[in-house]
Amino acid sequence: MGKPGLDFPGFGVGLVILRDARILLYKRMRPPEAGYWNIVGGKVDHMEPAEEAARREAEEETGLTIGRIERIGMTEQIIDADRQHWISILYLARDVEGEPQLTEPDKLSDFGWFPLTDLPEPLSAFTKAAIAALPTAERG
């Protein structure tokens, strides 16, 4: 059957989590874009609504409780270096409870809250697209 993103375009979601004018980013350990800072997200499972997938992935990766989210756009990432192709719906969450944790240390190595005006490098193409999709008022 093949693997999404590798053998055929994968369908994914990404969630921008904002708190106090800061974005939550995690550092990836696996392709695509291993070693890059990234928003949380992942693939949408068969028969799973994309909004539910965004909330599930975010809660699994951060340990946060995610409240209301809103769709902010879509992105297509073709990452030649990793031979991966993803089409993703992007969401925004301002309604979150708890403190983030490193819940998947086999996939993510570090995390932090960063002002949108002072982001860490390298920043994934996926994250750059998500930030560009934010409402203008959020971008400062």
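These legends go with a few close-up views of a predicted model. Because the model is predicted, local features need pLDDT of at least 70 and side-chain atom pairs count only at pLDDT 80 or more, while totals for chains, interfaces and linings use all residues. Residues are numbered from 1 along each chain as its sequence is written, and side-chain values use heavy atoms, with hydrogens and water left out.

**View 1. The whole fold.** Three helices and nine strands make up the secondary structure; these are DSSP runs numbered from the N terminus, helices being H or I with at least four residues and strands being E with at least two. Along the sequence the order is β-β-β-β-α-β-β-β-β-β-α-α. The radius of gyration is 14 Å, close to the 14 Å from the globule rule for 140 residues, so the protein is as compact as a globular protein of that length (C-alpha atoms for the radius; the rule is 2.2 Å times the number of residues to the power 0.38). As for burial, 43% of the 140 residues count as buried (under 20% relative accessible area; exposed is over 50%, partly exposed in between, with a 1.4 Å probe and protein chains only).

View 2. Lys-43, Asp-45, Glu-48, Arg-56, Glu-57 and Glu-60 are linked by salt bridges, each being a side-chain nitrogen of Lys or Arg within 4 Å of a carboxyl oxygen of Asp or Glu. Asp-45 pairs with Arg-56 at 3.5 Å between the closest N and O atoms; Asp-45 sits in the loop between E4 and H1, Arg-56 in helix H1, eleven residues apart. Arg-56 also meets Glu-57, at 3.2 Å from N to O. Asp-45 is partly exposed at 32% relative accessibility, whereas Glu-57 is buried at 11%.

**View 3. Glu-48 in its loop.** Glu-48 lies between strand E4 (40-43) and helix H1 (50-62), and is buried with a relative accessible area of 16%. Beyond neighbours within four places in sequence, Glu-48 touches Lys-43, Ala-53 and Arg-56 (contact is heavy atoms within 4.5 Å).

**View 4. Arg-19 reaches Glu-99.** The closest N and O atoms of this salt bridge are 3.4 Å apart. Arg-19 is in strand E1 (residues 10-19) and Glu-99 in the loop between strand E8 (96-97) and strand E9 (108-115), so the pair ties together parts that are 80 residues apart in sequence. Glu-99 is exposed, with a relative accessible area of 55%.
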